[in-house]
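Subject: Structure for you to look through

Hello,

I am passing on the structure we spoke about. Please have a look at it before reading my notes.

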Amino acid sequence: MKQLFDEVSYACSKLVTQKYSTSFSLATKMLSPKIRTDIYNIYGFVRFADEIVDSFHQYDKEQLLLKFERDYYESKNRGISLNPILNSFIHTVNKYKISDELVQAFLKSMKADLCKTVYTTTEEYNAYIYGSADVVGLMCLKVFVNGNQQKYEELKEPAMRLGSAFQKVNFLRDLKEDFNELNRSYFPNINFGDLSAEGKNAIIKEIEDDFDVAYKNGILKLPVEAKFGVYMAYRYYKKLLKKLKNTPSTKIMDTRIRISNPMKINLLARSYVRYKLNLI
């Protein structure tokens, strides 16, 4: 029965989210039950592609990613995939009419990670972030507005800025792994071999500007089904950015800054109070 297979596919995408990101999983649980499954479906797809380029070093990553892409398009044409992650993502793409431009932009940035390690210009940097993060925010926005194109256009820019902020925080948090292990340097004109306080502060200022636009022009205007979940993710990343801001630049290069699980629960509780008091 196709319905049963689809339910198994959705459960796989949810499991991927829970196993790979406790913070994103927690934020997704705060969304309306009507849209949670589709956000899990999006996350499963982007996580598998990202995992190919970041983790499968003992395999031919280029061939794996190309096959993942081919399988997606072949399955989309057929309307079914025996890969449960692709099967669930296809369902969400078709349901919300997610444009192929967004999927292609994402895959382009994933392919860049296979061969490009240094971003020397702002144009290259912005193009990579658009494909790796902004379009994921736009895919989620398609779900949040449920076909309301006018609302989508209104919230498009802040959704991209929020995706950019999340990705830049990830870059800063993962400097040790990206620079020392994967030999990647995303921020242009920053010497990560000797990261200065000025360099770190310039990155943080850029992220804070993104968060400011995203919150005032986007999060506050989201539909009720999505508002608290997105706000929760925003609060988590803002807390992580604060920890990074208070961490010496030399230490950022030596360790991966984290938010403890008790702190995540504390953030959830305080965020929920603010939400219920209509302070957001």
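Below are my notes, starting with the whole chain and going on to single residues.

This is a predicted model, in which local features need pLDDT of at least 70 and side-chain atom pairs count only at pLDDT 80 or more, while totals for chains, interfaces and linings use all residues. Residues are numbered from 1 along each chain as its sequence is written, and side-chain values use heavy atoms, with hydrogens and water left out.

The whole protein

The protein has 13 helices and 0 strands. Both kinds of element are DSSP runs numbered from the N terminus, with helices (H or I) of at least four residues and strands (E) of at least two. The C-alpha trace spans about 60 × 50 × 35 Å along its principal axes. A compact globule of 280 residues would have a radius of gyration near 19 Å, and the protein agrees because its own value is 19 Å. That radius is taken over C-alpha atoms, and the globule rule is 2.2 Å times the number of residues to the power 0.38.

Of the 280 residues, 51% are buried. Buried means under 20% relative accessible area, exposed means over 50%, and partly exposed lies in between (1.4 Å probe, protein chains only). The protein exposes about 13,700 Å², of which carbon and sulfur atoms supply 52%; accessible areas come from the Shrake-Rupley method with a 1.4 Å probe, and for residues only the protein chains shown count as cover. Among contacts (heavy atoms within 4.5 Å) with a separation of 6 or more, 72% are between residues 24 or more positions apart.

Buried residues

K264 lies in helix α13, residues 261-276. K264 is buried but has no salt bridge, and D174, the nearest side chain of opposite charge, is 12 Å away. Lys and Arg count as positive and Asp and Glu as negative, with His and the chain ends not counted. A salt bridge needs a side-chain nitrogen of Lys or Arg within 4 Å of a carboxyl oxygen of Asp or Glu. Not counting residues up to four places away in sequence, K264 touches T22, S23, L26, M232, Y236 and I259.

A27 is in helix α2 (residues 22-29) and counts as buried because its relative accessible area is 5%. In sequence A27 and M232 are 205 residues apart, yet their C-alpha atoms are 5.6 Å apart.

M110, in helix α6, is buried at 2% relative accessibility. Leaving aside neighbours within four places in sequence, M110 is in contact with A49, D50, V53, L65, Y128 and S132. M110 and V53 are 57 residues apart in sequence and 6.8 Å apart from C-alpha to C-alpha.

Two loop residues

Most residues other than glycine have a negative phi. K97 is not a glycine, but its phi is positive, at about 55°. K97 sits in the loop between α5 (84-96) and α6 (100-115) and is exposed, with a relative accessible area of 65%. N146 is another residue other than glycine with a positive phi, near 50°. The loop that holds N146 runs between α7 (122-145) and α8 (149-173), and N146 counts as exposed at 56% relative accessibility.

Regards
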